[in-house]
Amino acid sequence: MKRTLLLFIICSAPRATAQTPARATTGGVYSAPQAERGRVAYAGFCRSCHSPASHSGTTFEKIWKGKTLGDLFGYLTAQMPKNDPGSLNPDQYADVMAYLLKMNALPAGKIELPADSAQLASIRIELPAKKNTAPRAHPTTRKKGA
Ligand code: HEC
């Protein structure tokens, strides 16, 4: 068991820099198609109680910043949907998480988020540096009372 783990570490982290949990959500940890699948799943399973606004901006930042995607994955799989926890399959949870990252303006990359708590635990939740905190006034898309 120990030997397998050591082998794994040697194989997967040949460079010294790879030893720290260097990955963060700002580094393109999900793929665009995955977030799109997540959007569809979210519409079906989450939207009845949540709006994207409840998972982005300061709300999301306050709860999740500095935690890991493993924490978020654990929370979602254990607690959500509130009325039927654990009812999605692990891949769907990973997809929904990708969508949550997208909502938070985090960049997509080439790889998908794995539906694996251990791997997800090595990805820290960081948010994009704020360019301008004023509400983005998109004259064409601004909705009244939304
Ligand atoms: C039946 C209503 C309901 C559904 C459906 C639901 N949630 Fe929730 N969710 C809640 C409530 C209520 C809370 C507040 C915490 C609590 O009461 O446990 C919450 C809290 C959360 C939180 C933590 C607070 C935050 O904004 O970070 C996340 C993340 C979340 N839900 C994600 C989801 C996702 C993803 C889905 C779909 C897979 C989902 N929820 C489906 C009711 C729901």
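This is a predicted model: local features need pLDDT of at least 70, side-chain atom pairs count only at pLDDT 80 or more; totals for chains, interfaces and linings use all residues.
Residues are numbered from 1 along each chain as its sequence is written.

**View 1. The chain as a whole.**
The chain holds 6 helices and 0 strands, and its elements run α-α-α-α-α-α from the N terminus on; helices (H or I, at least four residues) and strands (E, at least two) are DSSP runs, numbered from the N terminus. Of its 146 residues, 25% count as buried, where a residue is buried if 20 or more other C-beta atoms lie within 10 Å of its own, exposed if 12 or fewer, and partly exposed in between, with C-beta atoms placed from the backbone. Among the contacts in the chain with a separation of 6 or more, 80% come from residues 24 or more positions apart; two residues are in contact if their C-beta atoms, placed from the backbone, lie within 7 Å.

**View 2. The packing of helix H4 against helix H5.**
Two packed helices are described by the angle between their axes and the distance between the axes. Helix H4 (residues 69–79) and helix H5 (residues 90–103) pack at an angle of about 120°, with their axes 10 Å apart, which makes H4 oblique to H5. Axes here are lines fitted to C-alpha atoms, for helices over the stretch in contact, and angles run from 0 to 180 degrees between N-to-C directions; angles under 35 degrees count as roughly parallel, over 145 as roughly antiparallel, 65 to 115 as roughly perpendicular and the rest as oblique. The crossing of H4 and H5 is right-handed, a crossing being left-handed if the near helix is turned anticlockwise from the far one by less than a right angle, and right-handed if clockwise. From H4, the contact draws on Leu69, Leu72, Phe73, Leu76 and Thr77, and from H5 on Tyr93, Val96 and Met97. By class, the contact of H4 with H5 has 7 nonpolar, 1 polar and no charged residues, with Ala, Val, Leu, Ile, Met, Phe, Trp, Tyr, Cys and Pro counted as nonpolar, Asp, Glu, Lys and Arg as charged, and the others, Gly among them, as polar. Proline 90, which lies in helix H5, counts as partly exposed because it has 14 C-beta neighbours inside 10 Å, and its C-alpha is 9.9 Å from that of leucine 76, 14 residues away in sequence.

**View 3. The packing of helix H2 against helix H5.**
The axes of helix H2 (residues 32–45) and H5 come within 7 Å and cross at roughly 105°, which makes H2 roughly perpendicular to H5. In this contact, Gln34, Ala35, Arg37, Gly38, Arg39, Ala41 and Tyr42 of H2 meet Gln92, Asp95, Val96, Met97, Ala98, Tyr99 and Lys102 of H5. The contact of H2 with H5 comprises 7 nonpolar, 3 polar and 4 charged residues.

Of the 18 residues around the ligand, Cys46, Cys49, Met80, Pro81 and Lys82 come nearest, a residue being near a molecule or strand if its C-beta atom, placed from the backbone, lies within 6 Å of it. Helix H3 (57–64) and H4 each supply at least two residues of this shell, and H3 gives the most, with 3 residues. By class, the shell divides into 10 nonpolar, 7 polar and 1 charged. Proline 81 is placed in the loop between H4 and H5, and the peptide bond from methionine 80 to proline 81 is cis, with omega near -10°.

**View 4. The loop between H5 and H6.**
Asparagine 104 is placed in the loop between H5 and helix H6 (117–120) and counts as buried because it has 20 C-beta neighbours inside 10 Å. Leaving aside neighbours within four places in sequence, asparagine 104 is in contact with Ser56, Phe60 and Leu127. Alanine 105, also in the loop between H5 and H6, has phi near 60°, a positive value in a residue other than glycine.

**View 5. Glycine 28 in the loop between H1 and H2.**
Glycine 28 is placed in the loop between helix H1 (2–12) and H2. Beyond its neighbours within four places in sequence, glycine 28 is in contact with Pro107, Ala108 and Gly109, and the C-alpha atoms of glycine 28 and lysine 110, 82 residues apart along the chain, are separated by 7.3 Å.
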